Amino acid sequence: MGDTGDGIKSERIVFVTVGTTCFDALVRVMDTMEVKKELLNKGYTHLLIQMGRGSYIPTKSSGEDGCLVVDYFTFSSSIADNLRSASLVISHAGSGSIFETLKLGKPLIVVVNEDLMDNHQSELAEELAEMKHLFCARPQTLPHTIKDMNLETLVPYVPGDAKPVSKLINRFLGFSDD
């Protein structure tokens, strides 16, 4: 697993995104030795953190002594390439980040930001976790979630077809079906 056949391990990237928010609790827990150890135990080699407006600065690492390679950035015009190259995505509970990741078929751990008032995002994350499309955690439970996750149990997300609903609304409004 993760070996290219010539003794060189292939990159297995964990991409972390907090979106445009400040979610220092997620960035901070990703910077712990406990989380990094669990990711290494799962065969991941690189950790890339998109830290948004947060003030906590994670520790960079070049991967010496068998550690994870760790890098970070604040914002990017698009994280699509980061999502595509990731072997695992750890994300805040924003619906855009969740559905973009699921549509790419990437394993996903959604970490709920409990500091947000009226956190409707947790309901979405918990419902999708119940349907086995992703894993859901809180910052304090993330190390345990990573340790216990079995990617084989995830069910691929298939986007719904909005056409029947659209047709019904059009008919109701008196528009033709074409």
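A: Buried means under 20% relative accessible area, exposed over 50%, and partly exposed in between, with a 1.4 Å probe and protein chains only. This is a predicted model, in which local features need pLDDT of at least 70, side-chain atom pairs count only at pLDDT 80 or more, and totals for chains, interfaces and linings use all residues. Residues are numbered from 1 along each chain as its sequence is written, and side-chain values use heavy atoms, with hydrogens and water left out.

Q: How many disulfides are there?
A: The count is 0 disulfides, a disulfide being a pair of cysteine sulfur atoms within 2.5 Å. For Cys22, the nearest cysteine sulfur belongs to Cys136, 20 Å away.

Q: Now the rings: how many aromatic pairs?
A: The structure holds 2 aromatic pairs. Rings of Phe, Tyr and Trp (its six-membered ring) pair if their centres lie within 6.5 Å; planes under 30 degrees apart count as stacked, over 60 as edge-to-face and the rest as tilted. Phe15 and Phe73 are stacked, at 6.3 Å centre to centre and 15° between the planes.

Q: Are Phe15 and Phe73 buried or exposed?
A: Both Phe15 and Phe73 are buried.

Q: What about Phe99 and Tyr157?
A: Phe99 and Tyr157 form a tilted pair, with 5.4 Å between centres and 50° between the planes. Phe99 counts as partly exposed at 23% relative accessibility, and Tyr157 as partly exposed at 22%.
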